[in-house]
Amino acid sequence: MVVTDVRMPPSGDAEGIRVAQRLRETHPQVGVVVLSQYADARYALDLLARGAEGRAYLLKDRVHDGNELHAAIEVVARGGSMIDPAILRMLLESEERRHDSPLGELTRREREVLAAMASGKSNAAIAEDLVLTKRAVEKHVGAIFHKLGLPDEDVVSRRVAAVLLYLADRDA
């Protein structure tokens, strides 16, 4: 597990993202949590461009008490991914303006559920955060999968595919 900042020496720009990308090639089993003071969705997209597994991108102001950082480390250690909700909100809001995307068919609530899914939350945690029943969250998740055309397959995690579809569509 590596916890790094986006901006590091020697370049002082996105060195932390480049380190994470290099680790993906040389040591794919090593998880990386990237911290940033910059709410720039491009950094998150670059971090996840070669796969979201074992990667997290969090804003520093979210990790001041350590609980969010601890949660991200646990998710990444299990091979999951996490993106700061503020970054997801930026991505989803910009996506709302795109009319050629299947994500445009999602309701506001479905976009909120998708953002929470992408931040690594379980259905139970999403229900608690959005003040919904777990069953309501399950219905929203099913609607997201249906609207995005994600079939029920054992080979692919539809939850991860929904987030990656969103990120790939955003990058196009």
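The following dialogue explains how to read several features of a predicted model.

Trainee: What should be kept in mind about the numbering and the model?

Mentor: Residues are numbered from 1 along each chain as its sequence is written, and side-chain values use heavy atoms, with hydrogens and water left out. In this predicted model, local features need pLDDT of at least 70 and side-chain atom pairs count only at pLDDT 80 or more, while totals for chains, interfaces and linings use all residues.

Trainee: How many helices and strands does the protein have?

Mentor: Helices (H or I, at least four residues) and strands (E, at least two) are DSSP runs, numbered from the N terminus. Here there are eight helices and four strands. Along the sequence, their order is β-α-β-α-β-α-β-α-α-α-α-α.

Trainee: What percentage of the residues count as buried?

Mentor: A residue is buried under 20% relative accessible area, exposed over 50%, and partly exposed in between (1.4 Å probe, protein chains only). Of the 172 residues of this protein, 42% are buried.

Trainee: Which residues touch the most other members of the largest nonpolar core?

Mentor: A nonpolar core is a set of buried Ala, Val, Leu, Ile, Met, Phe, Trp, Tyr and Cys residues joined through side-chain atoms within 4.5 Å. The largest one here holds 41 residues, and those touching the most other members are Y57, I87, V113, L114, M117, I144 and A162. There is also a second, separate core of nine residues, including V33, L35, L58 and V76.

Trainee: How many salt bridges are counted?

Mentor: A salt bridge requires a side-chain nitrogen of Lys or Arg within 4 Å of a carboxyl oxygen of Asp or Glu. By this rule the count is 11.

Trainee: Where do E15 and R18 lie?

Mentor: Both belong to helix α1 (residues 15-26), three residues apart, about one turn of the helix. E15 is buried, at 17% relative accessible area, whereas R18 is partly exposed, at 36%.

Trainee: Which residue forms a salt bridge with K147?

Mentor: The partner is E110, and the closest N and O atoms are 2.8 Å apart. K147 lies in helix α7 (residues 134-147) and E110 in helix α5 (residues 108-118), so this pair ties together parts that are 37 residues apart in sequence. E110 is buried, with a relative accessible area of 5%, while K147 is partly exposed, at 24%.
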